[in-house]
Amino acid sequence: MNRRLATAAVSLLLLAATAATAAPAAVAAPAPTAQPAAAAPDFGPVSVRGTGNTVLTTSFHGFEGDPVQISVDARAAINTDPRSTAGHFHVRHVRTDGRLVADFEGDITCLAVGGREAIATGVITKGEAPWFPGLELVGQKVSLSVEDNGRRGDRMGWVWGVFGQPVSDCQGTVPFIRTTSGDFSVRS
């Protein structure tokens with residue numbers, strides 16, 4: 001019998017023996033007394049705070065090289081519960097020559113946190129988009145996504161309902177672009 005096969009066989013025997021000896025102890029344990037269920041740890045208070053700056057890549061046809069800044073300060077008493085969510089966001093996009101493409105802000109309506117990632121959705125309460133004349137921003141939904149990588153550089157992403165993309169509370173896209181500066185802090 002070769003060495004790998006022997007090691008695998010011994011590992012399986014040890015696993016089977018551990019399961020066999022643990023099973024009777026589990027059966028013999030006294031029944032727990034009825035107690036109220038505790039909230040799952042991932043559904044308690046959550047937050048995302050910070051500002052991220054990036055430069056748009058060639059994927060953003062016509063806007064490559066443009067700087068974009070996103071700031072978010074969102075918190076929720078219960079993860080993914082819009083009724084317990086509060087906060088604010090601000091987005092600013094300028095051309096490389098400094099001309100304003102869009103600048104808007106609004107209120108956070110839902111926050112979902114999982115590990116180092118967060119999705120904050122909100123509604124624009126004021127803003128302007130001179131690059132898109134006639135585009136109505138106020139009342140439109142947005143989704144902002146963040147990945148907190150500490151000092152290794154964060155990532156962020158977004159979906160703009162103003163361009164006809166569907167935005168539902170606590171839903172969004174993966175954080176698809178690396179920040180060039182700033183820092184986001186995700187807490188759960």
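**Entry 1: a bridge partner**

Which residue in β6 is the bridge partner of A118? I looked it up, and V146 in β6 is the partner of A118. Here strands (E, at least two residues) and helices (H or I, at least four) are DSSP runs, numbered from the N terminus. Strands β5 and β6 pair in the antiparallel sense over seven bridges, where pairing means that DSSP finds at least two bridges between two strands.

**Entry 2: ground rules**

I am working with a predicted model, in which local features need pLDDT of at least 70 and side-chain atom pairs count only at pLDDT 80 or more, while totals for chains, interfaces and linings use all residues. Residues are numbered from 1 along each chain as its sequence is written, and side-chain values use heavy atoms, with hydrogens and water left out.

I checked pLDDT, the predictor's confidence in each residue on a scale from 0 to 100. The protein averages 82, and 78% of the residues score at least 70. Over residues 1-39 the pLDDT is below 50, and this stretch has one contact in the model beyond near neighbours in sequence. A contact means heavy atoms within 4.5 Å.

**Entry 3: the overall layout**

I found one helix and nine strands. From the N terminus on, the elements run α-β-β-β-β-β-β-β-β-β. The nine strands make an open sheet in the order β8-β7-β6-β5-β4-β3-β2-β1-β9, with antiparallel pairing. β8 and β9 (181-187) stand at the edges with a single partner strand each, so one side of each has no neighbour in the sheet. A reminder to myself: strands of a sheet pair through backbone hydrogen bonds, either parallel or antiparallel.

Of the 188 residues, 36% count as buried, that is, under 20% relative accessible area, with exposed meaning over 50% and partly exposed in between (1.4 Å probe, protein chains only). Among contacts with a separation of 6 or more, 55% come from residues 24 or more positions apart. The protein exposes about 11,100 Å², and carbon and sulfur atoms supply 59% of that area. These areas come from the Shrake-Rupley method with a 1.4 Å probe; for residues, only the protein chains shown count as cover.

**Entry 4: the disulfide**

How many disulfides does the structure hold? I counted one, using the cut-off of a pair of cysteine sulfur atoms within 2.5 Å. C110 and C170 form it, with their sulfur atoms 1.8 Å apart. The pair links distant parts of the chain, 60 residues apart: C110 is in strand β4 (residues 100-114), and C170 is in the loop between β7 (155-160) and β8 (177-178). The torsion about their S-S bond is about -90°, so the disulfide is left-handed. Both C110 and C170 are buried.

I then followed β4 to its neighbour. It runs antiparallel to β5 (residues 117-128), and 11 bridges join the two. C110 stands opposite T121 in β5. The hairpin of β4 and β5 has two residues between the strands, and G115 takes a positive phi near 65° there.

**Entry 5: E147**

Next I looked at E147, which lies in strand β6 (residues 141-147). Is E147 buried or exposed? At 12% relative accessibility, E147 counts as buried. Its side chain has a polar contact of 3.1 Å with the side chain of R116 and another, at 3.3 Å, with that of N149. A polar contact is a pair of N or O atoms within 3.5 Å; within protein, one must be able to donate a hydrogen and the other to accept it, and residues adjacent in sequence count only if both atoms are side-chain atoms.

I found T54 in strand β1 (residues 46-55), buried at 2% relative accessibility. The side chain of T54 reaches the backbone oxygen of R178 at 2.8 Å. Leaving aside neighbours within four places in sequence, its contacts include M156, W158 and I177. R178, in β8, stands opposite R155, and β7 and β8 pair in the antiparallel sense over two bridges.

Beyond neighbours within four places in sequence, S185 is in contact with S47, V48, R49 and D148.
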